Amino acid sequence: MTEQAALDLADTGLDDSLKRLFDLLRIPSISTQPDHAPDCRRAAEWLVRELTDIGFDASTRETPGHPMVVAHAKGPDGAPHVLFYGHYDVQPVDPLNLWVSPPFEPVLVKGPTGEMEITARGAADDKGQVMTFVEACRALRAADGTLPLSVTLLIEGEEESGGANLLPFLEANRDELKADVALICDTGMLGRGMPAITTMLRGMVGEEVTLTCANRDLHSGMYGNAARNPIQLLCDILSDLRDGATGRVTLPGFYDGVPVIPEETRAQWRKIGPSDADSLNPVGLNLPAGEIGYTALEQTWCRPSCEINGISGGYEEKGFKTVLPSKAMAKVSFRLVGDQNPEAIRAAFRAHVEARLPADCTAEFIAHGGSRASLVSPDMPFLPAALKALEDEWQHPAAVIGCGGSIPVVTEVQQALGMDSLLIGFGLEDDRVHSPNEKYDLTCFHKGIRSWIRVLHALAARKSR
C-alpha cells in the first residue's frame, strides 16, 4: 500500500473535500432542539451516503433519540481493527445576532492570523473533525482500493444534548463495535502547528435547578421585602458554592478522589503549555480566576470546577417591569477529575440547595448528564506509533496533553467495550467552539486528513510486525 499516493490525493482533492464538508455544515443538526430532529436525521443519512460511496457498509441505526451512523470496512487479514468515533450534531447558534455570517451557510475567510478559516456552526465541533477522517479513508481507498486496517465508524447524533442513548447502544452492539482501539476526533492541538494526543479528560455533572417561592408573579411594590424573591435566594445559594478567598468548591466531599499532580509534571506543563496571559488574553481577560495556587492551564487540565452556565427569572424582555417573580432557574455544571464520583457530586449539590431553602419554598432538579474523568495510560501500545505519525506530518514533536472538556464516550467505550482510546483532534483554542462564529482553520482540516492517513498506516504497521 502506498501512503504517499493517498497523501497526494488528499492534496489534489482538497477542494472537493471542502465542498463535501460545506454540504454537511449546511444541515442544521441541532440535537437539543426538537424542531431540528428532521435535520439530525438528514445529517445521518448524508453521512451514510458518503460512506457507502467510498466502500463502507454503512447504515443509520435507530435509538430512542436521534439515529447513530455505523459503517464498516474490512482491511487485510491480520491487520488491527479501529473504531472511529465522532458526532454529527451541533450546538444551538444563539445569540444569532453575533454571527458575522449565517451559521449554516459556511464561508471560507481570512482570519486575523492570516490563516484561511471555515466559519460555520459545527466547523470544528465536530463535523470538520469527522470529515478529516472520512476524507482520509476516501483518499486511502482511491489510492489502494482498500484500507490498511479494518475500520468501523460510529457517528453519534446526541453528543451535544447529553448522549443518553450512547452507552445503551454500545452495550447492545458490543460484539459489532468492539475493536483493538478507539480513535476519537473531538479534541484539539497544543497550539497552531503543534499536534497532540489528549490523554486526560475531565468528567462532568450537569444540573438544572428551579426555585419556586410565591404561587404567582407579584407586584414588587405591594410584596417587595415581605415576599421571598427566588432570584435573590438562588443567587445566595449559588454564591455559597465557592469559597471567596480560596476559590475552592464548598460541597462536602467534593475533592474526594482528586489526585495530586506531581511537581515534575506541573513543571513539564509550564514548559509546553501556554502562560496564563496566553490562555486568557485572546478572550479579553488577564487575571486567572478559580482556585488560588494553580495556573489557568492546571485549572482546566487537572482541577475540578463548578460553573454557572445560565440563570434566568422574572422579566427579561426589553423595557422594565416591576415584578417579583415566582420562579428562578439556573444551570450548573461540575467538571470532574481523577476518581470523583458524578452521582455523589450531584447528590451533594442537591443537598446544598435544599439545606438553604426556606420552609415555604421548593426546588426542582433536572439532571443533564454525568460522566467520570478519563485517563489514557502512557503505556497504551498504540500511543507511540500515533505520536510519531503526527510528528511526521506536522514536522513538530507531538505532545501528550490534558483537556478541560468532557467526552463521555471515552469512559463509555472503556466500560461497554473494554477498549482504550486515542484522542486525536486538530482543533485550536481560538475555534470559538459553542460560540458565535465557530471556525476551523483550513490548515487543520487539510493536515487533519493527511494526519489520519499517516496514523492509520502507522497503526497497521505496528500491529503487523
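**Note on a predicted model: helix contacts and salt bridges**

1. At 15% relative accessibility, glutamine 299 counts as buried (buried means under 20% relative accessible area, exposed over 50%, and partly exposed in between, with a 1.4 Å probe and protein chains only). Glutamine 299 sits in helix α11, residues 296-301 (helices are DSSP runs of H or I with at least four residues, strands are runs of E with at least two, and both are numbered from the N terminus). Setting aside neighbours within four places in sequence, glutamine 299 is in contact with Arg202, Pro288, Ala289, Gly290, Glu291 and Tyr294, where contact means heavy atoms within 4.5 Å.

2. On the basis of the values: this is a predicted model, in which local features need pLDDT of at least 70 and side-chain atom pairs count only at pLDDT 80 or more, while totals for chains, interfaces and linings use all residues. Residues are numbered from 1 along each chain as its sequence is written, and side-chain values use heavy atoms, with hydrogens and water left out.

3. Glutamate 298 is buried, with a relative accessible area of 1%, whereas arginine 270 is partly exposed at 45%.

4. The structure holds 32 salt bridges. Side chains of opposite charge can pair when their charged atoms come close. A network of salt bridges links Glu3, Asp11, Glu393, Lys447, Arg450 and Arg454.

5. Another salt bridge joins arginine 346 and glutamate 343, with the closest N and O atoms 3.2 Å apart. Both residues lie in helix α12 (residues 342-355), three residues apart, which is about one turn of the helix. Arginine 346 counts as buried at 7% relative accessibility; glutamate 343 is partly exposed, with a relative accessible area of 46%.

6. In helix α13 (residues 383-394), lysine 388 and aspartate 392 are four residues apart, about one turn of the helix. They form a salt bridge whose closest N and O atoms are 2.8 Å apart. Lysine 388 is partly exposed, with a relative accessible area of 45%, and aspartate 392 is partly exposed at 30%.

7. Helix α2 (residues 14-25) and helix α4 (residues 127-144) have axes that come within 10 Å and cross at roughly 140°. Axes are lines fitted to C-alpha atoms, for helices over the stretch in contact, and angles run from 0 to 180 degrees between N-to-C directions. The two helices are therefore oblique to each other (under 35 degrees counts as roughly parallel, over 145 as roughly antiparallel, 65 to 115 as roughly perpendicular, and the rest as oblique). From α2, Ser17, Arg20, Leu21, Leu24 and Leu25 meet Lys127, Gly128, Met131, Glu135 and Arg138 of α4.

8. Arginine 432 lies in the loop between β17 (421-424) and β18 (439-441), and counts as partly exposed at 32% relative accessibility. Apart from neighbours within four places in sequence, arginine 432 is in contact with Glu117, Arg121, Asn437, Glu438 and Lys439. The C-alpha atoms of arginine 432 and methionine 116 are separated by 15 Å, the two residues being 316 apart along the chain.

Note on methods: A salt bridge is a side-chain nitrogen of Lys or Arg within 4 Å of a carboxyl oxygen of Asp or Glu.
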